[in-house]
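Below is a short report on one structure.

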Amino acid sequence: MKLLFITCSPKTWASVFILFWACSGLAAADVAIIVHPDNKVSVSAADISNIFLGRINSFPDGEKATPVVLKKGNPARSEFITKVLSQSEAKYKSHWSRLIFTGQATPPLELKSSEAILERVSRKKDAIAFIDAQEVTDDVRVVHVF
Amino acid sequence: MAQSRLQNRRFLGYHSNHLIESLFASVIPRKIAVICLIGSFISDHAYASDVWFNGFASIVMGRTYADRNDTLLVDYPAGGSYESKSTMQTETLAGLQMLSIINEDLNATVQVVGRGTEEFNASIEWAYFTYEMTPEWKIQGGRKRLPLYFYSDFFDLGYAYHWIRPPQDNYTWQIFNYNGINVIYNTNIPDDWVLQINAYYGREDSPENPFNMRSLRPPASRFYQSGENWKDIFGTVINASKGPVEFRINHMSAEREITEKALDHEKKDAANHIQFYGASLNYDDGSLIVLSELNLYQEFYDTTTGDHIYWETWLISLGYRINDFIPHVTHSVFDSEDGQERHETLSLGLRWDFHPSVAFKIQGDKTRDYGNGSFSSNTDLISFGFDAVF
């Protein structure tokens with residue numbers, strides 16, 4: 001038991017608390033899937049799911065696709081994982097841990113805020129990300145809304 | 001140029017792991033705690049540089065209940081077994097992985113694992129580079145896990161499956177890792193399927209093989225030495241997935257050299273051609289989980305006469321996710337054609353994801369051995385523990 005407590009830092013406990021708090025009070029908002037404005041590719045819901053589950057590293061046109069995700073605790077993230085990937089945070093994490101520790105994929109970049117996501121996607125041509133649909137700006141192109 | 005930079009980075013990678021290793025060597029009982037602490041401390045800062053740290057740990061306790069013959073081998077690759085006395089030594093382990101991004105297309109990975117069965121002496125189990133030629137083609141070289149069974153690749157990563165361990169009746173193999181090259185091809189195929197093909201070539205020398213030394217059970221097993229070298233390992237893994245469905249088939253062939261040595265005399269040397277075929281079909285829609293696996297193994301003692309042994313293993317597992325709980329039931333079988341090794345296990349278990357990165361698991365296994373040789377045993381096992389990733 002002692003060891004268990006060591007594995008969970010106060011910070012982790014705090015994020016669990018924030019996650020519960022964030023999930024409890026907020027109504028579900030729409031999630032927008034965004035890419036670089038110059039990226040004119042069309043992606044299906046299945047493509048999005050395959051990219052964010054690390055199964056494929058390219059858009060349907062063969063160009064490189066690099067997923068960028070919001071950090072745990074962000075409501076849009078829980079929304080994305082449940083609605084788009086039909087998974088739970090634990091299942092998502094377990095799925096990615098398999099890819100990371102077997103060398104099949106490098107972990108997706110995790111950013112704290114929608115601003116950081118928007119900045120990254122407007123700069124990187126291979127990026128694909130999700131944010132709260134209400135926070136979308138003209139710097140990015142929306143490929144799907146869930 | 002890229003090559004020399006890679007070697008530099010890989011040298012640095014090894015170097016820092018030596019530091020970590022010597023750190024562990026100083027306080028043996030606290031090694032797991034240390035690895036977890038390092039992991040949780042550095043993982044939050046990993047994005048700042050081009051080096052990422054990730055880790056995993058399992059803390060498992062178990063004991064057997066049986067009338068006689070109460071040793072049950074559960075971890076064949078590392079030779080871990082349970083007896084009628086509770087222990088945490090058998091399956092407790094921790095791993096730390098360092099991924100160094102050299103540039104957009106090139107990265108290097110080193111994974112260090114310390115196991116209870118090996119007195120927590122952390123060793124480098126994976127060390128390889130990955131070069132992304134195109135988004136669809138990757139080439140990897142170095143030391144990796146041999147991807148024989150479905151769970152071989154992530155056998156140590158309890159967090160990624162619902163059992164305490166992949167069923168021991170299936171996961172009976174001697175060679176855990178290999179040194180060589182691996183080519184990966186990922187592509188979209190019609191109807192939203194994703195296809196992944198792996199082809200690998202390499203070899204592995206294991207002069208004191210833990211599996212052989214513990215499972216072959218000669219009269220003086222403690223002093224028994226058995227070397228196992230697999231040469232010309234050539235394998236292919238084809239994996240297709242769509243939504244909740246994952247389908248995998250694979251084949252491997254190798255030249256197996258065995259050198260066996262008893263306490264006082266050399267017993268036998270052999271060089272046999274081996275063939276392995278595997279197929280898995282898994283389904284997980286977020287609620288219902290169905291896992292299945294079938295593996296066939298052939299070993300030719302004499303390729304001209306075709307004299308060989310043949311065995312098959314299979315498993316089926318059902319689980320159902322209810323909020324953070326996954327109750328599951330599994331049946332697994334080992335069956336050799338000559339009747340020497342025959343055993344099966346019925347398992348009942350529960351996984352509870354009580355924390356976003358830690359799962360609690362408890363499991364009961366009933367193993368029955370019908371073989372003419374003594375490979376497994378008629379034993380019941382209760383085990384429980386925690387699996388974490390950080």
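## A loop residue in chain A

A:Lys40 is found in the loop between β1 and α3 (45–52) of chain A. Helices (H or I, at least four residues) and strands (E, at least two) are DSSP runs, numbered from the N terminus. A:Lys40 counts as exposed because it has 10 C-beta neighbours inside 10 Å.

## Model and numbering

This is a predicted model, in which local features need pLDDT of at least 70 and side-chain atom pairs count only at pLDDT 80 or more, while totals for chains, interfaces and linings use all residues. Residues are numbered from 1 along each chain as its sequence is written, and chains are lettered from A and ligands numbered from 1 in the order in which they are written.

The model scores ipTM 0.81 and pTM 0.82. For chain B the mean pLDDT (the predictor's confidence in each residue, from 0 to 100) is 83, and 80% of its residues reach 70 or more. Over residues 1–30 of chain B the pLDDT is below 50, and this stretch has 33 contacts in the model beyond near neighbours in sequence. Two residues are in contact if their C-beta atoms, placed from the backbone, lie within 7 Å. Residues 39–48 of chain B also have pLDDT under 50, with 15 contacts beyond four places in sequence.

## The sheet of chain A

Chain A has an open sheet of five strands in the order β3-β2-β4-β1-β5, with mixed pairing. Its edge strands, β3 (109–111) and β5 (141–145), each pair on one side only. Neighbouring strands of the sheet are turned by 30° against each other on average, direction ignored; the axes are lines fitted to C-alpha atoms, and angles run from 0 to 180 degrees between N-to-C directions. Two strands pair if DSSP finds at least two bridges between them.

Strand β4 (residues 127–132) of chain A pairs with β1 (residues 31–35) in the antiparallel sense over five bridges. In that pairing, A:Ile33 stands opposite A:Phe130, and A:Ile34 has A:Ala129 as its bridge partner. With β2 (residues 66–70) of chain A, β4(A) pairs in the parallel sense over three bridges. There A:Val68 has A:Ala129 as its bridge partner. Five of the six residues of β4(A) are buried.

## Core and helix

Which residues touch the most other members of the largest nonpolar core? They are A:Ile34, A:Val121, A:Ala129, A:Phe130 and B:Ala388, in a core of 86 residues. A nonpolar core is a set of buried Ala, Val, Leu, Ile, Met, Phe, Trp, Tyr and Cys residues joined through C-beta atoms within 7 Å. Not counting residues up to four places away in sequence, A:Val121 touches several residues, including A:Ile34, A:Val68 and A:Ala129.

In α3(A) the buried residues are A:Asp47, A:Ile48, A:Asn50, A:Ile51 and A:Phe52. They pack against β1, β2, β4 and β5 of chain A, together with β9 (193–206) of chain B. Just after α3(A), A:Gly54 takes a positive phi of about 70°.

Chain B has three helices and 18 strands. Of its 390 residues, 42% count as buried. Among contacts in chain B with a separation of 6 or more, 56% join residues 24 or more positions apart.

Strand β5 (residues 106–115) of chain B is mostly covered, with nine of its ten residues buried. Strand β4 (residues 93–103) of chain B pairs with β5(B) in the antiparallel sense over ten bridges, and a hairpin joins the two through two residues. B:Leu96 has B:Val112 in β5(B) as its bridge partner. β5(B) also pairs with β6 (residues 123–132) of chain B, in the antiparallel sense over eight bridges.

Between the chains, 43 residues of chain B are in contact with 34 residues of chain A.

Key: Buried ≥ 20, exposed ≤ 12 C-beta atoms within 10 Å, placed from the backbone.
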